Protein chains: 2
Amino acid sequence: MMRRAVIMAGGAGTRLWPLSRADRPKQLLPLIGGASLLRKSYERLAELLEPEQILIITGAAHLDQVHEQLPELPRENLIGEPCGRDTAAAIGMSAALLHKRDPETVMSVFTADHMIEPVERFVAAVQRGFEAAEQHGDALITFGIKPTWAHTGLGYIHRGRSLGGDLYEVVQFKEKPDAATAQEYLDSGQYYWNSGMFVWRTETILDQLRRHLPDSHEKLVRMADAWDKPDAASLAAQVYPALEKISIDFAVMEKAPRVMAVQMDCNWLDVGSWPSLADVLEPDPAGNVKAAAQTMLMDSRANIIVADGDHLVATIGVSDLIVVHSSDATLICRKQDAEQIKTLVEQLKQTHEGKYQ
Amino acid sequence: MMRRAVIMAGGAGTRLWPLSRADRPKQLLPLIGGASLLRKSYERLAELLEPEQILIITGAAHLDQVHEQLPELPRENLIGEPCGRDTAAAIGMSAALLHKRDPETVMSVFTADHMIEPVERFVAAVQRGFEAAEQHGDALITFGIKPTWAHTGLGYIHRGRSLGGDLYEVVQFKEKPDAATAQEYLDSGQYYWNSGMFVWRTETILDQLRRHLPDSHEKLVRMADAWDKPDAASLAAQVYPALEKISIDFAVMEKAPRVMAVQMDCNWLDVGSWPSLADVLEPDPAGNVKAAAQTMLMDSRANIIVADGDHLVATIGVSDLIVVHSSDATLICRKQDAEQIKTLVEQLKQTHEGKYQ
């Protein structure tokens, strides 16, 4: 079997505005230290796989930036989506292409917007996932993160009996729970966070897509067949937007007959919003988290300060704010209102005709 | 008698950081509408005087910028200070120079950091001031602003009997009062705000400086004598910093034997700080005051938003903040902490070695 990994690097990263922008979304930004989230995702996988085995699926407009950040990858391993159609489309497109290149493929799927540590445990879990998918050819296998607190912002996986070591049957997928339920899940030890990372044979996921999203499946196969031909781009531009916009969880995982979970015992941190990014960084004694070269904070507590380049951010007497400076826009947002950033960017579309997005 | 007006345009404007900077202080900035405070000060006087009659004293480093903003003025009417030594030095230097050019001069003195409306009343008061100084050659005459509220941030002038129309004897200068005292002053109708604007014969003010600041007086006369000679700049660079750093109020006004006040019945607004600047501007329905081309304020109240150029300032859920964006620094400050901005700029000198000031 051919082992392959696909990193999904689509998504607008709107909640990280104004640093994350339509033409340079969060996964391509060096948010933490020098490397982008995408580059970090790649490097984790490179512990286990050769560059030729790693693919990226991203917005077609970002292919050049991805190529710059990952020069090791062969250009044919970069898949451009004409538009975002959620994870069922991104995974289906990747699976159809890989399957056409070699029907004997086991593919794993990863996201580009998480910090995962330590790398050794991540690598061990992915290794275990490949082996499980090779052994259980008819199964869809998800990576389950061992929860460390009663998170209410994630879906959960109810695991069943062990199938050997860290591989488990999946009893049921659970929607985001309320606080009490999340605590029950945590206490029981029988639940994982649903990571959105998977491993399976391309044949198996395509078969499930054919059953549950037949129209999309037909389109995906048609595009994969044409992929290396001259009219591929125009076909994709026409067909891709017509794919059903749905997550792989809703479309397939919750309906599939045989689902397993590999336990991934890692710190797994979403960095999809300013507060979650701040969780990854070390606060100063006053609780301020800074991703900015130049700051001067007086009598200021528990703020998140982000600035590009050498722009100075100075604060006096403020607390619990998110302050983000980019070259053409500055955001000042109460921490508790961080989810409203998405709305603000939506409104900018109306009022500023595409500027500042 | 020759009538002359001097606008003091020194000062760092630190409380308007980060827009006001060491190399471009507030009086040279177009803070309100198109014209700078200096230009507005000049235009008020130009209702009454010819360009040749108006002088500017400012930091030597800012002479070129002043010349650009006031091209009408002859270059010899721009006086450069090697460094700031408070108002006794600026007024003394101007007086010494004017007196040397013509001993029969009545000079008026104005500041460049206030909004004064309506112009007609301002002009009438200045006209009255010139007449009074010509009539009462031995008097120092100050312009007193009729108070409109119990301001505790200003000195007051206790006026005595009328000397004809809007000209009054001065009984006493008063330091900044507490709130109760300020209210008494307001209720009595016998007090003016001390405006820091004056009119007098150059001979008279120089005579008072000789009595009360003899060392500075000698230096001022020496520099004035050398002003048009080749070694003027090097002499000033050596002597000016040795002038006593003191206000004209402390040095002279409180001690002079004959002081009068001309009542100026104007709206007189300090625009020396962000809150006071905001008082001059019209708030939006949510109470936000904006001096910024591009803003997007969601669920935000009573903020002061200032940005240069087309930089977008977006806020969510914040209130009572001062947000000021300049090309290389951004300030976020609680309104009630506005006086701390000065401290912050002081600290920047230590930590950032002159950058961002």
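These notes go through the domains, selected secondary-structure elements and chain contact of a predicted model.

1. Domains of chain A. The domain assignment divides chain A into domain 1 (2–270) and domain 2 (275–352). Taken over C-alpha atoms, the centres of domain 1 of chain A and domain 2 of chain A are separated by 30 Å. Their contact draws on 10 residues from domain 1 of chain A and 16 residues from domain 2 of chain A. On the side of domain 1 of chain A that touches domain 2 of chain A, 7 residues are nonpolar, 1 is polar and 2 are charged.

2. Strand β6 of chain A. Is this strand enclosed or open to the outside? In β6(A) (residues 140–145), 6 of the 6 residues are buried, so the strand is largely enclosed by the rest of the structure. In a regular strand the side chains alternate between the two faces of the sheet. Leu140(A), Thr142(A) and Gly144(A) point one way from β6(A), while Ile141(A), Phe143(A) and Ile145(A) point the other way, and all are buried.

3. Partners of β6(A). Strands of a sheet pair through backbone hydrogen bonds, either parallel or antiparallel. β6(A) has examples of both: with strand β10 (residues 259–264) of chain A it runs parallel, joined by 6 bridges, and with strand β9 (residues 191–201) of chain A it pairs in the antiparallel sense over 4 bridges. In β10(A), Ala261(A) is the bridge partner of Thr142(A). In β9(A), Asn194(A) is the bridge partner of Gly144(A). Thr142(A) and Gly144(A) point one way from β6(A), together with Leu140(A).

4. Helix α1 of chain A. This helix, residues 37–45, is mostly covered, with 7 of its 9 residues buried.

5. Leu37(A). Not counting residues up to four places away in sequence, Leu37(A) touches Lys26(A), Gln27(A), Leu31(A), Ala112(A), Asp113(A) and Val271(A). Of these contacts, Lys26(A) is 11 residues from Leu37(A) in sequence and 7.7 Å away in space, C-alpha to C-alpha.

6. Helices α6 and α7 of chain B. The axes of α6(B) (residues 202–212) and α7(B) (residues 214–226) come within 5 Å and cross at roughly 130°. That angle makes α6(B) oblique to α7(B). Leu206(B), Leu209(B) and Arg210(B) on the α6(B) side meet Pro214(B), Ser216(B) and His217(B) on the α7(B) side. By class, this contact has 3 nonpolar, 2 polar and 1 charged residues.

7. Contact between the chains. How many residues of chain B are in contact with chain A? There are 28, and they meet 28 residues of chain A. In chain B, β13 (294–298), β15 (312–316), β16 (321–325), β17 (329–334) and α11 (341–352) each supply at least two residues of the side that touches chain A. β17(B) gives the most, with 6 residues. The side of chain B that touches chain A has 17 nonpolar, 8 polar and 3 charged residues.

8. An open sheet of 6 strands runs in the order β13(A)-β15(A)-β17(B)-β16(B)-β14(B)-β12(B), with mixed pairing. The edge strands, each pairing on one side only, are β13 (294–298) of chain A and β12 (289–291) of chain B. From one strand to the next the twist averages 5°. α11(B) packs on this sheet, touching β13 and β15 of chain A as well as β17 of chain B, and its direction makes about 135° with that of β13(A).

9. Strand β15 (residues 312–316) of chain A and β17(B) run parallel and are joined by 5 bridges. Leu312(A) stands opposite Ala329(B) in β17(B), and Val313(A) stands opposite Thr330(B) in β17(B).

Note on methods:
Residues are numbered from 1 along each chain as its sequence is written. Chains are lettered from A and ligands numbered from 1 in the order in which they are written. This is a predicted model: local features need pLDDT of at least 70, side-chain atom pairs count only at pLDDT 80 or more; totals for chains, interfaces and linings use all residues. Two residues are in contact if their C-beta atoms, placed from the backbone, lie within 7 Å. Ala, Val, Leu, Ile, Met, Phe, Trp, Tyr, Cys and Pro count as nonpolar, Asp, Glu, Lys and Arg as charged, and the others, Gly among them, as polar. Two strands pair if DSSP finds at least two bridges between them. Axes are lines fitted to C-alpha atoms, for helices over the stretch in contact, and angles run from 0 to 180 degrees between N-to-C directions. Angles under 35 degrees count as roughly parallel, over 145 as roughly antiparallel, 65 to 115 as roughly perpendicular and the rest as oblique. A residue is buried if 20 or more other C-beta atoms lie within 10 Å of its own, exposed if 12 or fewer, and partly exposed in between; C-beta atoms are placed from the backbone. Domain bounds come from an automatic or database domain assignment.
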